[in-house]
Amino acid sequence: MKPTKKILIITYYWPPAGGPGVQRWLKFVKYLPDFGWKPTVFIPENPSYPIVDETLEKEVSDDLDIIKTKIWEPYQLAEIFGKDNKKFKAGQFDVGKNQSWKSKLSIWVRGNFFIPDARVFWVKPSVEYLKKYLKGNQFDAFVTTGPPHSMHLIGLELKKEFPNIKWVADFRDPWTEISYYKHLKLTKSADQKHRNLEQKVFETADITLATSFSDAENFRKKGANAFCITNGFDENINLKIREFEDLKIEKSKFTLSYIGVLEQLRNPEVLWKVLRELVSENEDFKNDFQLKFVGRIDDKILNEIEQSSLKNSINNLGYLSHSEANVEMANSDLLLITNFPDDSSKGIIPGKIFEYLATGKQIVSFGPKESDVKKILEETNAGKHFSYDNESELKVFLLQKFEEWKSGISNSQTQNIEQFSRKNLTKKLTELL
């Protein structure tokens, strides 16, 4: 279909940025022309990305229009206080006993001085640039996607100037409802400023997108015209997985893999405890089990596991490219996904779950007792969800999967996953537009 309408995407994350933040709009941009929309992408010229994956640049079409302006970010100043502050770029925090005074000070500064976040210094120059650009170029819609939620402040200013251009505010994560929000050590006035800005975005945007059913419902309660379009998997991932399976690589270990970034606030301590018990009680499990990490695991979590009875079971591959990580998913027996434990996080659906689904492998999930992830796993028959205190059932589940692996039985029969293909999700987006 020849594109007949034009859409501007305003995003901080874009290749060579790695990690989950870049995937959503990289894929929407890929498929939008199939449904009659020509995208243009606006990004910072000199960003400070926490993770880089240069292989993702291959997915950017040569004829895509990309416009850029320079950004100033204060993270170099923050890192003077300590190397742990590099984690702030990825929204990670030390918590509890792991917090040093430098970490506490940096978190306080981040939450109270940089509202809504440290990319706020890009708002004014971006608005000035885009006002001129939009006056000289006709667009039917523009998108702001956050976090960083500073992108939505750009949207607020542009909507004032161009009320007839449709504004889509895309929330890949919530703003004030995200679990780490309460760890920002906000003053009363800073908290109110965050909430007022969020409310203004909800009330002004023509369409607000959420990545989960619960978040969309919460946004509607706050006055947003909100819809859920989840993240998803690219259709060619199935081809890559089949190519891998054709290699018939024989696995010598029962492999539980975590792919992605794991920070302290989503640390499944109950899982490590149950696994320690299993390697202590079951000699077969001890000899045949492998705990594989692909991505960025918090140093304190990794050190704790390495100093336990699981130390000989760990295979830490570090950060791999997106395509390499997909191969490691396929070469696993169980895939681990974690969420924040409190009920306010039940609407968070980590983007990695959809690529997990595409592998056809079983998934073990941790988070609030009733969650959107649980609904997806039940609907697709793709695994089991546990709360962080569900120790006995978890042990039974892991042993059952281990016994199935030993006997060569696979009971994985996933279903209804095509609704989460990126192309089908892009079609849904264009129908909303």
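**Ring pairs up close**

Mentor: The count comes to 25 aromatic pairs, where rings of Phe, Tyr and Trp (its six-membered ring) pair if their centres lie within 6.5 Å; planes under 30 degrees apart count as stacked, over 60 as edge-to-face, and the rest as tilted. Before we go on, the ground rules: this is a predicted model, so local features need pLDDT of at least 70 and side-chain atom pairs count only at pLDDT 80 or more, while totals for chains, interfaces and linings use all residues. Residues are numbered from 1 along each chain as its sequence is written, and side-chain values use heavy atoms, with hydrogens and water left out.

Start with Tyr 13 and Tyr 49, a stacked pair at 5.9 Å centre to centre with 25° between the planes. This pair ties together distant parts of the chain, 36 residues apart: Tyr 13 belongs to the loop between β1 (5-10) and α1 (20-31), and Tyr 49 to the loop between β2 and β3. Those labels are DSSP runs numbered from the N terminus (helices are H or I, at least four residues; strands are E, at least two). Both tyrosines are buried, meaning under 20% relative accessible area; exposed is over 50% and partly exposed lies in between (1.4 Å probe, protein chains only).

Now look at Phe 402 and Trp 405, stacked as well, at 5.9 Å centre to centre and 20° between the planes. They are three residues apart in helix α15 (residues 391-407), so about one helical turn separates them. Phe 402 is buried at 0% relative accessible area, whereas Trp 405, at 22%, counts as partly exposed.

There's also a cluster: ring pairs link Phe 42, Trp 122, Tyr 129, Tyr 133 and Phe 139. The rule here is NZ of Lys or CZ of Arg within 6 Å of the ring centre and within 35 degrees of the ring normal. Arg 119 does likewise over the ring of Tyr 12, 4.2 Å from its centre.

Two strands pair if DSSP finds at least two bridges between them. Strand β2 (residues 37-44) is joined to β3 by five bridges, and Pro 44 has Thr 69 in β3 as its bridge partner.
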